[in-house]
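Here is my note on the model, point by point. Please keep the structure open while you read.

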Amino acid sequence: MASPKKTFTLSEDWAVVVLGYIIILLALLGVYIIAPTYDWGNGAPISDTVLSGGNCYRILIQFLFAYTIAILGALITGKNVATIFKSFPVIFLLTMLASFLGGNEQVKVLNLETVIFCLAIGLAARNFFNLPAWLKDTLSSEFFVKIGLVLLGTNVIFSDILKTGSLGLIQALLVVLSVWYFSFWLCKKMKIDKELSIMMSSAVSICGVSAAIATSGAIKGDSKKLSLVVSLVLITAVPMMIAMPWVARWLGLSQEVTGAWLGGTIDTTGAVAASGTLVGETALKISTIVKFSQNVLLGFAAFAISIYWTYTKAASSQVSEKPTLKLIWQRFPKFVIGFVFASLVFSFFIDPEIIQTIKSPLKSLQGLWFALAFTCIGLETNFRDLVGVQNRKPVLAFLGAQAFNILITLLIAYFLFGSDLY
């Protein structure tokens, strides 16, 4: 009897690296997707903006491009292509609806990010409708966000960070170390399991959702715990984004200190940019640089956590599992390599003029994958699980860690950017 034919497949982490680099390579070759607009309101008819012929064409092209990447991802990871073929258009349609809601001029005044609408629509669909099995079984939030993280590497340019000096990196390092250890200590005191503690500490201290995903990959974390952390990050980002610029003005902080405070505290990059805009151009510039500086630490943090987790699991395992280099490599999230390598290549080997040409298309695609991921997270999440009794301690720990983050970052920002050092 003939043995079954083996097919070549890649792990999800390596698959997203391959797919991310295909997108980057196409952009470098001049093949990139022009982002559609979802802006509407203030009396302008939707038929002239979102629903114009040219914009509908751009939406269609973006859909077909992302659809192709998703199907290719299913093929090379050995997933059921037929179910991806059916489910992806639904996820894209819900994401497009969220983008439309977030594109309203009145909504933009509130600085609400599209991903918040993606999460809300996903949660509503999951909790008020009976989703078909073929949709629930093929949701790929981590797959989508990992592609976005690989593309994020093209926007983390070391030369841009160094133009503002080393203070942004110094602050990022001080904030990440102090907030991470405080958050982990607090979780331990509240008897929260170590897996959730690590994901939560990384999310609060480094860069929100991106850090939570990277950490989850490093420790092979539970998807429900990851969804809880991501939801907490997005829910708290909105009030912080709106309130902190007002508090900074009330305290009489300079734009330099305010920007450093916002960049080091608010978890999502888009929310940082939105809150920085409310303060001024200088605040926007410094807040973005500080946030990018923390993004740079993402790869190092994931590497350190993967080593720590390997040794921790080996120490607690009844069957001794020696933490060899091979085992550490197996546990390390490979998509982080894609993020770091893309950042290095775009920082030192790509002509700045080429970067300026393809920066916007790549960033829009990065945003698309993140938006698709948050729609999936909403579709994966039972709202009762978020507000259940079992999550009260994690929610309190997250809020406590975030409060510490706000205070310690303000002190560090004031010392570095409000003194003669700047």
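1. Start with Lys191. Lys191 is exposed, at a relative accessible area of 70%. The cut-offs are these: buried is under 20% relative accessible area, exposed is over 50%, and partly exposed is in between (1.4 Å probe, protein chains only). Lys191 sits in the loop between helix 9 and helix 10 (194–207). Its phi is positive, about 60 degrees, although Lys191 is not a glycine. Helices here are DSSP runs of H or I with at least four residues, numbered from the N terminus.

2. A word on the source. This is a predicted model, in which local features need pLDDT of at least 70 and side-chain atom pairs count only at pLDDT 80 or more, while totals for chains, interfaces and linings use all residues. Residues are numbered from 1 along each chain as its sequence is written, and side-chain values use heavy atoms, with hydrogens and water left out.

3. Which residues form the positive surface patch? They are Lys188, Lys189, Lys191, Lys194 and Lys393. Patch members have over 30% relative accessible area and no salt bridge; like charges are joined within 9 Å, and nonpolar side chains (Val, Leu, Ile, Met, Phe, Trp, Tyr) within 5 Å. Lys and Arg count as positive, Asp and Glu as negative; His and the chain ends are not counted. The charge is placed at NZ of Lys, CZ of Arg, CG of Asp or CD of Glu. Lys188 lies in helix 9 (residues 167–189). Lys188 is exposed, with a relative accessible area of 64%.

4. There is also a nonpolar surface patch. Trp14, Trp329, Ile337 and Phe341 make it up, with about 390 Å² of accessible area together. Accessible areas come from the Shrake-Rupley method with a 1.4 Å probe; for residues, only the protein chains shown count as cover. Phe341 belongs to helix 17 (residues 334–348). Phe341 is partly exposed, at 48% relative accessibility.

5. Now the salt bridges. The rule asks for a side-chain nitrogen of Lys or Arg within 4 Å of a carboxyl oxygen of Asp or Glu. By this rule the model has 5 salt bridges. One of them pairs Glu12 with Lys79, whose closest N and O atoms are 3.5 Å apart. This pair links distant parts of the chain: Glu12 is in helix 1 (residues 12–28), Lys79 is in the loop between helix 2 and helix 3 (81–102), and 67 residues separate them. Glu12 is partly exposed at 23% relative accessible area. Lys79 is partly exposed too, at 36%.

6. Look next at Lys146. Its side chain meets that of Glu12 in a salt bridge (3.1 Å, N to O). Lys146 is in helix 7 and Glu12 in helix 1, 134 residues apart. Is Lys146 buried or exposed? Lys146 is buried, at 5% relative accessibility. Lys146 also forms a salt bridge with Asp13 (2.8 Å, N to O). Asp13 lies in helix 1 and Lys146 in helix 7, so this pair ties together parts that are 133 residues apart in sequence. Both Lys146 and Asp13 are buried. Shared partners join Glu12, Asp13, Lys79 and Lys146 into one salt-bridge network.

7. Of its 12 residues, 12 are buried, so helix 7 is largely enclosed by the rest of the structure. The buried residues include Glu142, Lys146 and Gly148. From first C-alpha to last, helix 7 reaches 16 Å, close to the 16 Å expected at 1.5 Å a residue. The expected span is 1.5 Å times one less than the number of residues.

8. Helix 2 (residues 53–77) passes the span check as well. With 25 residues it should span 36 Å, and its end C-alpha atoms are 36 Å apart, which agrees. Just after helix 2, Gly78 takes a positive phi of about 80 degrees.

9. Last, two contacts across the sequence. Ala218 is in helix 11 (residues 209–219). Ala218 is buried, with a relative accessible area of 0%. Ala218 and Lys334 are 116 residues apart in sequence, with their C-alpha atoms 8.8 Å apart in space. Ala302 is in helix 15 (residues 281–316) and is buried at 2% relative accessible area. Ala302 and Ala214 are 88 residues apart in sequence and 6.1 Å apart in space, C-alpha to C-alpha.

How values were computed: Helix = DSSP H or I, 4+ residues; strand = E, 2+ residues; numbered from the N terminus.
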